[in-house]
Amino acid sequence: MIALPHLYVLGGVFFAGTAWFAAQDAANPRRFVASSFWLLLALSFLVGDRLGDLGNGVLVVGLVALATYGLGKGGTATSQPEERRASAQRHGDALFLVALVIPGTALAGTLVAKNTPWGGRLIDPAQATLVSLVLGVLIALAVVFAWLRPKFAGAGSPALVPLREGARLVSTVGWAAILPQMLASLGVVLLGAGVGKQVGLIFSEHLALDTRFAAVAAYGIGMAFFTVLMGNAFAAFPVMTAAVGLPVLVQRFHGDPAVVCAIGMLSGFCGTLLTPMAANFNVVPANLLDLPDRNAAINSVIRTQAPTALVLLAVNILLMQWLAFR
Amino acid sequence: MSLLGIAVLVLGFVLRANPLLIVLASAIVTGLAAAWSPGADASTYVQAGTGTLAAFGKAFHANRYVSVVWLVLAAIGTLERLGLQERARTWIAGVHAATVGRLLGVYFVLRQVTSALGLTSLGGHAQMVRPLVAPMAEGAAEARYGPLPDRVRFAIRAHCAAADNIALFFGEDIFIAIASILLIKGFLEQSGIVVEPFALSRWAIPTAVAALVVHLVRLWLFDRRLQRTLGAKEDAK
């Protein structure tokens, strides 16, 4: 059965490869800082099991220190534009087909693993989508080499091309690549320290939520605000719902818990659209699309999303007011 | 006192520190604050600090599956080298009805509908936006208005990323087995309230409709703005 441990080995090899190519990138004055960063991440994937909890914590400190110092900006050495245009003409729509192999396999693998007994033996059903996604990557690469038979001019060994090109793109993403993993870990620590209950106390002591609309607005805006801080509506939801959602909206004003929670979560999503802490949605695309303001706190992806997000936050508050108390 | 960690998040935000640093500092401060007491000596804090660091390291290690998705970039990078983006540009230039707004509108609807069916992995910035959607949107604008000023090119790219995010967020909650719905169900169960996933997911539909309407209007306005700024120049020639 293919499960997470196999993906961790692949991930470790991928990040080790990124470290290798980053060290050779003469265009980046901080290439050894960048290389050390990816090497530490590779170590976490390959030997993290043997480091112990504190060892992994120290490894995180190393990653954070390197990222704070700065990974520099690498060159983007790849094929020349003329080569790519010629190649695009030669392969035509076959390129689209191969690109669709990845989501196609992710979808088919997930369905097969969850619904058939043999699929469940091949792919770990608990992690079906992730395993299938990675299988899709491997199948797509196999199709590239077997069907398109590409000629990679001046790239060294063709077998290393996927690693080299993947390293190029993940270097573009930079330290933002591990922010989601960091936020998930912060959530664990905050939960352990009982932060949710404390926030609830503050809301109940300092805000007079005596009208229904004030309480609805406080819950919706609070969800969006905590999501902006924590980068994740999932982290904000238990905090705000334990603080305002259940005690005030459901128990005091007799709101329908299903409506309150469903629309509360969506109010949080409006916050996700507004924050650089939601790195995989707002910072990663700015890096991948090479936007000039990608390092600004409020980059152009967030600014483009803001009007829709703010209108929808208002819509959510009104919807909750109308739908939750019938 | 345990709220000091939240204060660190706010402070880091205001000071624009590196988000990784903010997150780690917030975790450590939360741990230290929890150990605070009037008579505590230094060794108590050292112990609390290392304990929190160990808890963070354990969680970081357990959550490394989150970062496995970057493997996708190996395949995308290889296809880019073979000219995937260039192919997407040429293809869209052949579709004469295509405008940036219409193309992104179609992508928005497709992304929202497939997300509502639980197919969230069909889109995404690494898999779809960078290799296909952004080159197509730029290609559609170039076919209409000729070479684009950088400012316009970047505005179009930002709109591509925004369409993917918004369609995903306000589509996925309609599907009953998505993480956020399961999180709500689990949380309410702990508080003694039993709800069916379907009872939750259907209340995501009104917001989904609102998101569709609001964003399609904005894309239409974006098209008009492109026509006003770039189209006029084209006519003048």
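Reader: Does A:Arg149 count as buried or exposed, and why?
Author: This is a predicted model. A:Arg149 has 9 C-beta neighbours inside 10 Å, so A:Arg149 counts as exposed.

Reader: Where is A:Arg149 found?
Author: In the loop between helix 7 (128-148) and helix 8 (161-173) of chain A. Look at its backbone too. Phi of A:Arg149 is near 45°, a positive value, and the residue is not a glycine.

Reader: What is phi of A:His254 near?
Author: Near 55°, again positive in a residue other than glycine. A:His254 sits in the loop between helix 12 (233-252) and helix 13 (257-272) of chain A. It counts as exposed because it has 10 C-beta neighbours inside 10 Å.

Reader: How many helices and strands does chain A have?
Author: Chain A has 16 helices and zero strands. Of its 326 residues, 55% are buried.

Reader: Into which domains is chain A divided?
Author: Domain 1 covers 4-69, domain 2 covers 81-151 and domain 3 covers 194-323. The C-alpha centres of domain 1 and domain 3 of chain A are 33 Å apart.

Reader: How many residues do chain A and chain B bring to the contact?
Author: Chain A gives 112 residues and chain B gives 95. On the chain B side, helix 3 (residues 42-62) supplies the largest share, eleven residues. That side divides into 59 nonpolar, 25 polar and eleven charged residues.

Note on methods:
Residues numbered from 1 in each chain as written. Chains lettered and ligands numbered in written order. Predicted model: local features only at pLDDT ≥ 70, side-chain atom pairs only at ≥ 80, totals over all residues. Domains from an automatic or database assignment. Helix = DSSP H or I, 4+ residues; strand = E, 2+ residues; numbered from the N terminus. Buried ≥ 20, exposed ≤ 12 C-beta atoms within 10 Å, placed from the backbone. Contact = placed C-beta atoms within 7 Å. Nonpolar A, V, L, I, M, F, W, Y, C, P; charged D, E, K, R; others polar.
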